[in-house]
Structure formats: structure tokens, C-alpha cells
Amino acid sequence: MSKPTIGIIGGGQLGSMLSTAAKNLNLKTIIISDDEHAPAQFFADEFIFCNYNDELKIDEFSNKIDFVTYEFENIPYETLCKIDNIKKVNPRPSINKIIQNRLSEKDFLNKNNIKTTSYISVKNESELKSSQDFIPGILKTCTLGYDGKGQYKINNEEELDNLKVNFENHYILEKLVKLKKEISVIITRFGKQKYEVYDPIENVHEDQLLKYSKIPAEVNEVLFDKSKEWAKYIAEELDYIGTMCVEYFIDKNDNLFVNEIAPRVHNSGHLTINAYNVSQFENHIRAVCGLDKVETKKLHNAKMINLIGEDILVYRKKIFKDNEFFFDYKKNTVKKKRKMGHLTIIEK
Ligand code: ADP
Ligand code: MG
């Protein structure tokens, strides 16, 4: 009998790590991406390069696979629906539609009494100029932003008055939170009340880009439990299948806010590969392919360093200790602010 095949939409490093996990579970993998140089192609059995609106290629992909998922959220909703008509996409396209837009994502959370930062929708110049109540704040495009792209920090009213943005995009303006710390909770949901939840991970960002993650997160017991409870509640409410990440802010008074949800595996969870018996990637593949749920246990405390831009050149030449795990994403060009690899260090 031939191996079952999982299709993964998107060709970045998350696609590579999902592909590796799927192969270890004896699945065949096909990556589809609109980036000719997508690094995940080097980790998959097959690669389809096309635009996400190329109907013929999307059809070809859909008919070659048994299961399908995605590694980034910015896939056109119509494409996900088209694939979904042939093979069921998980997480469901309707979930992705809510989460890929910062405004509908935050509206959804608040409707469910989950606290987020305060925010306002900004569609045009006059709405922007009259949003003083949200300053200091960060203006963010509702869709297509990642790693701090499409974001403008506004420190005071003068900056608000002088700011020029392109209103082809719809924005939200979020009030700046006085951050004590950022954490994330990764959860894999297999079905109704069936989960594996990883312990909260503590994250440090530099320049709006994740730089370090570690477990355990140094937070009090109340925040530790509450962040996990909220992640379960959100996953249940969305009827989510697969791995999801909830990013949180903790302010100086220990208030917890959801920053955003990622409907996919997440950078802060890279350390689960070496620190847990089952990684976020393996759990995701298990959930979307209907494989057994394995009880997920932490084996080690760990920290992860993102290697951004030219950092990678130094690390490619290093010799590592046996508790250090170096991952090179094999991207074809080194760019500033681009995630090029990571290093996980486990405590033995
Ligand atoms: P992205 O989708 O690019 O990850 P985020 O909304 O998560 O965008 O923002 C990236 C980082 O910028 C956050 O992890 C945080 O460090 C900082 N940031 C974003 N919004 C706020 C805010 N309202 N208050 C304080 N810091 C923020
Ligand atoms: Mg984020």
C-alpha cells in the first residue's frame, strides 16, 4: 500500500519542520508555495510552485493528497475553500478567515470575554487623526502583516498628526501595553475536549521580531494556569483541529491580554522539538491526519535563540555541544530581519 500523503500549503521553515515531522510518521509530503525558492521544498517529497490562484495547479495538488494543512495564515480564503471542496482542510478555512484579520480576530476574542489590548478600526485619514485615545499605540494592517511588518508605532499626538499611511489597507490602532513580559501557549486540539497543551513559553522580542524563547516561563501560578485555560477555551470555541498558538502580553500589573492567535505551528514552539517527547509539529500532523494522540510530556527545560539575518553565517561555522541543536532553514539569501535559523539549548 502506498503511503498516505499530506499536503502543506506554504514553503517557509514551519513547512520544513512540519514536513520532517510528517516523514517521521511515515507520511509522504507535498509542499505547495508561490515562492520558487521556498526552503521547505528541500525537506519534502514533492514541491509544487505556483500562484495561490492557479486553478489547475491547485486542482493537481488537491487530487494528489489525502490530508491538507497550512503553515502560514495569509492564504487567500478562496484558495482554501477551493482545496477544501476536494480534501478537507484543517484548521478549517472559516477559522483562518477570522484569525487572518486582526480586527475580526480581536472582535471574536472580546465577544468571548477574552481580554485583548484596546483597539479601534481605522479605515481612513479622518478616523486616524481622531484616535488620540489610543496613543501611544501601534497602527497595524488588519491583514498580511507578520514579524512587525505593516506596523507603525505612534508615540504621541504630534507623530499621529504627521503620520502618512496608505489607506488601500484597513488598519487597527492598538493601545500600547506597558509590557512586563510576553508569553505564548501552544495547544494541539484533536477533537471535542481532546487536547495536548504545552506549558507557557516566555518570549523576548527585539524590533517586533521574536529573538528568544524559554521554558519554563517565569510567571506566577495564576497566569500560568489562566493562559493555558484561555488557550483551551479559544480552541474549543473555534472547534479547532491541529496546533495553534496564543500569544499573550502581561502588563506591569500582571494583567493578561491576548495579543494574537496563530492558526498554525509557531516560532516560539521550536523548542518543543528537543524539549518534549512530542513536538508541536508532530502533534499538528497527528491531529490533522487523525492519528493517535500521544500524551505529551516535557523532558527538559530549554531556551531557543532565533538566528536573524547575518547571525546565521557565524553559526554555520560553529561546533555545537550535545545539548545544543542548530537548525539552518536553508534560505537562498541572507536578509536583514529575516529568520534564517535557530538554536535550541536544552538543560540536561
Ligand atoms: P506580528 O503579527 O508581526 O507578530 P504582533 O502584533 O504580534 O505582530 O506584534 C509584534 C510584537 O510587537 C509583539 O510581540 C510585541 O513585542 C510588540 N507589540 C505589538 N503590539 C503591541 C502593543 N499593543 N503593546 C505593546 N507591544 C506591542
Ligand atoms: Mg505576533
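This is a predicted model: local features need pLDDT of at least 70, side-chain atom pairs count only at pLDDT 80 or more; totals for chains, interfaces and linings use all residues.
Visitor: Okay, let's begin with the metal. Which residues coordinate the magnesium ion?

Guide: The magnesium ion, which is ligand 2, is coordinated by Glu247 and Glu260 through their OE atoms, at 2.0 to 2.4 Å. The pair links distant parts of the chain, since Glu247 belongs to strand β13 (residues 242–251) and Glu260 to strand β14 (residues 256–262), 13 residues apart.

Visitor: And is Glu247 buried or exposed?

Guide: Glu247 counts as buried, because its relative accessibility is 11% and the cut-off for buried is under 20%. Glu260, with a relative accessible area of 21%, is partly exposed.

Visitor: Switching to charges, how many salt bridges does the structure hold?

Guide: The structure holds 24 salt bridges. Side chains of opposite charge can pair when their charged atoms come close. One of these pairs is Lys140 with Glu174, where the closest N and O atoms are 2.9 Å apart. Lys140 sits in strand β6 and Glu174 in strand β8 (residues 171–175), so this pair ties together parts that are 34 residues apart in sequence.

Visitor: Are those two buried or exposed?

Guide: Lys140 is buried, at 5% relative accessibility, and Glu174 is buried too, with a relative accessible area of 3%.

Visitor: What about Asp311, which residue does it form a salt bridge with?

Guide: Asp311 forms a salt bridge with Lys211, and the closest N and O atoms of that pair are 3.0 Å apart. Asp311 lies in helix α11 (residues 311–315) while Lys211 lies in strand β12, so the pair ties together parts that are 100 residues apart in sequence. Asp311 is partly exposed, with a relative accessible area of 27%, whereas Lys211 is buried, with a relative accessible area of 10%.

Visitor: Which residue does Arg286 meet in a salt bridge?

Guide: The side chain of Arg286 meets that of Glu282, with 2.8 Å from N to O. Both residues are in helix α10, and because they are four residues apart there, they are separated by about one helical turn. Arg286 is buried, with a relative accessible area of 13%. Elsewhere, salt bridges that share partners join Lys28, Glu46, Lys57, Glu60 and Lys64 into one network.

Visitor: Back to α10 for a second, how many of its residues are buried?

Guide: Helix α10 (residues 280–288) is mostly covered, with eight of its nine residues buried. Just after α10 comes Gly290, which takes a positive phi of about 65°.

Visitor: Which other residues have a positive phi?

Guide: Asp207 has a phi near 60°, a positive value in a residue other than glycine, and Lys337 is another such residue, with a phi near 65°. Asp207 is in the loop between β11 (201–206) and β12 (209–215), and at 58% relative accessibility it counts as exposed. Lys337 is in the loop between β16 (324–328) and β17 (339–346), and with a relative accessible area of 36% it is partly exposed.

Visitor: New topic, where are the cis peptide bonds?

Guide: The peptide bond from Asn90 to Pro91 is cis, with omega near -5°, and Pro91 lies in the loop between α3 (77–86) and α4 (93–99). A cis peptide bond also joins Ile135 and Pro136, where omega is about -5°, and Pro136 lies in the loop between α6 (125–129) and β6 (137–141).

Visitor: Last one, which residues form the negative surface patch?

Guide: The negative surface patch is formed by Asp133, Glu157, Glu158, Glu159 and Asp161. If you want to find one of its members in the structure, look for Asp161 in helix α7 (residues 157–162); at 46% relative accessibility, Asp161 counts as partly exposed.

How values were computed. Residues are numbered from 1 along each chain as its sequence is written. Chains are lettered from A and ligands numbered from 1 in the order in which they are written. Side-chain values use heavy atoms; hydrogens and water are left out. Patches are made of residues with over 30% relative accessible area and no salt bridge: like charges are joined within 9 Å, nonpolar side chains (Val, Leu, Ile, Met, Phe, Trp, Tyr) within 5 Å. Accessible areas come from the Shrake-Rupley method with a 1.4 Å probe; for residues, only the protein chains shown count as cover. A salt bridge is a side-chain nitrogen of Lys or Arg within 4 Å of a carboxyl oxygen of Asp or Glu. Lys and Arg count as positive and Asp and Glu as negative; His and the chain ends are not counted. The place of a charge is taken as NZ of Lys, CZ of Arg, CG of Asp or CD of Glu. Helices (H or I, at least four residues) and strands (E, at least two) are DSSP runs, numbered from the N terminus. Buried means under 20% relative accessible area, exposed over 50%, partly exposed in between (1.4 Å probe, protein chains only). Donors are N, O and S atoms within 2.8 Å of the metal (3.2 Å for Na, K and Ca); water is not among the atoms, so sites may look incomplete.
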